[in-house]
Amino acid sequence: MMLYDAFISYASEDRAGFVRPLVEALKKERLEIWYDEFSLKPGDSLNGSINHGLAKSRYGIVILSPAFFRKRWPEWELNGLVQRHLSGSKQVIIPVWHQLGSKEVAAVSPPLADMVAVNTASGLTAVVTGILKRLRPEGSTLIIARDFVLSKGAEPPVVTDDWWLDIIEESNAIEQDRRWRLPLWSVLPPDTSRGERLGWLALQQGWHLAAVEQHINQTTRPERVLQFIAEQPGLEDLIRMAPRHLLDVAPQLVIRGFGGRFEPLIEEIYQKSVREGAARLARNDSYGTAVTTDGKTPPCDDSVALRHPTFGNQEAASLACEFVQGPGMGTGVKVYEAIDYIAWFLSSESNWLPPAHKEILTQGMKEWTVWLWFDEHFDRNPKFERRADSGALARQLMAVGTFRAFRLTAAAKRDLLHRLEASRQLLGLPESAAVLRQRFLGAGFIEEYFARQSKRKQRRKKAESRKRS
């Protein structure tokens with residue numbers, strides 16, 4: 001693995017006067033330079049030193065100076081340097097002439113004098129420019145990508161590291177967990193270069209991994225989400241390019257007063273959505289009527305409904321679905337199973353939500369009725385392990401047709417307790433599993449399950465009746 005853009009091989013006598021200023025200038029250009037181990041001393045092998053440096057670097061910069069030649073390198077070593085420079089399709093040695101000219105170089109090694117070199121007589125800036133032309137060939141996608149990532153404050157490896165190939169492969173992978181992987185294809189301008197696109201992909205992978213490690217999701221307090229955004233290189237820049245995507249990955253920021261420095265942007269999106277909703281209502285549009293409580297088109301989009309005083313007149317299940325898993329065709333943000341989110345809503349850990357929001361989202365999780373579990377093969381909670389009673393509650397619910405006929409068995413109670421214990425451990429909830437089970441049963445989740453099943457049966461019967469008629 002190559003860890004550096006270049007190493008510098010030099011005589012120790014040239015360190016203070018030239019090499020150190022050169023290294024500092026190259027580092028200001030965001031290059032990774034390795035030079036401390038390459039101060040050549042009597043008895044050192046020139047070729048051995050260069051081979052060692054090239055094993056970890058893309059290029060080798062060799063400072064040819066009077067002090068360098070006073071080392072009295074054997075002719076075969078100097079010729080080996082030239083051969084290394086000329087061999088292969090890529091010339092990896094960059095010679096720099098310091099305090100000497102072609103005559104002095106030719107007197108020691110004529111082949112060295114024929115090598116295209118950078119001369120320090122033209123000044124440090126010219127030397128740096130000459131080196132950059134070799135290290136950053138114009139139009140190189142990987143170099144453009146790395147420079148872009150560096151400009152955002154991140155520190156990626158050099159372009160020859162396999163890390164860049166991993167970024168490309170991961171960008172093509174289909175994953176369930178899409179946390180903070182914003183849809184770049186819909187955000188970046190069409191004329192964005194390949195290098196810059198790759199740079200954004202690299203930054204986005206960093207956001208995703210950080211969000212996974214730090215557990216940044218819908219259950220995270222707004223102030224922590226805002227801090228997370230500030231900590232991730234380039235993330236806020238992209239959000240300001242396409243602020244709507246922030247509402248998908250961090251729906252809690254939609255709630256009025258929770259948006260922090262993004263509050264004006266979110267309010268602008270909300271007001272535009274309200275204007276569009278009013279226009280739809282004026283023309284009796286049927287858009288969104290299937291998920292509203294009054295059967296009319298909603299006064300705003302579902303993405304900003306948590307900001308509306310009546311939650312966009314949307315059904316609670318629709319609000320909960322949007323909060324937990326994001327838009328159907330957008331950035332998937334669902335991190336936990338539905339039962340885990342329910343446990344969080346039932347816990348004091350969610351008390352930072354305004355009471356009205358907590359109440360309607362909890363009700364929405366009840367009405368959504370997607371919280372059944374069976375065993376660990378259908379459950380992404382890593383804390384959930386199969387037991388003899390796993391899935392007992394789901395099987396019992398599906399075995400009877402009405403709540404009146406339902407009786408909570410001991411096996412189902414144990415199953416519910418065990419599953420909520422997995423939620424408690426995963427989310428770090430302060431309540432015991434027994435307390436969460438009591439709240440779950442007291443909140444009417446099972447009653448709502450049967451009520452929803454009954455409504456679905458009635459709708460199916462009506463549909464079948466219409467077909468027969």
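Predicted model: local features only at pLDDT ≥ 70, side-chain atom pairs only at ≥ 80, totals over all residues.

**Stop 1: helix α8.** Select residues 141-151, which make up helix α8. Its buried residues are Ile 143, Ala 145, Arg 146, Asp 147, Phe 148, Val 149 and Leu 150. Now step past the helix to Gly 153, which follows α8 and has a positive phi, near 100°.

**Stop 2: Glu 263 and Arg 307.** Side chains of opposite charge can pair when their charged atoms come close. Across the whole structure, a search finds 19 salt bridges. Select Glu 263 and Arg 307 for one of them: their side chains meet at 2.5 Å, N to O. Glu 263 sits in helix α15 (residues 263-282) and Arg 307 in the loop between α15 and α16 (316-325), so the pair ties together parts 44 residues apart in sequence. Are these two residues buried or exposed? Both Glu 263 and Arg 307 are buried.

**Stop 3: the network.** Together with Glu 263 and Arg 307, they are linked in a network of salt bridges.

**Stop 4: Asp 301 and Arg 280.** This salt bridge has its closest N and O atoms 3.7 Å apart. Asp 301 is in the loop between α15 and α16, Arg 280 is in helix α15, and the two are 21 residues apart. Asp 301 and Arg 280 are both buried.

**Stop 5: Arg 419 and Asp 340.** Their side chains form a salt bridge at 3.0 Å, N to O. Arg 419 is buried, as is Asp 340.

Technical notes
Residues numbered from 1 in each chain as written. Heavy atoms only, no water. Buried < 20%, exposed > 50% of the residue type's maximum accessible area, 1.4 Å probe, protein only. Helix = DSSP H or I, 4+ residues; strand = E, 2+ residues; numbered from the N terminus. Salt bridge = Lys/Arg side-chain N within 4 Å of Asp/Glu carboxyl O.
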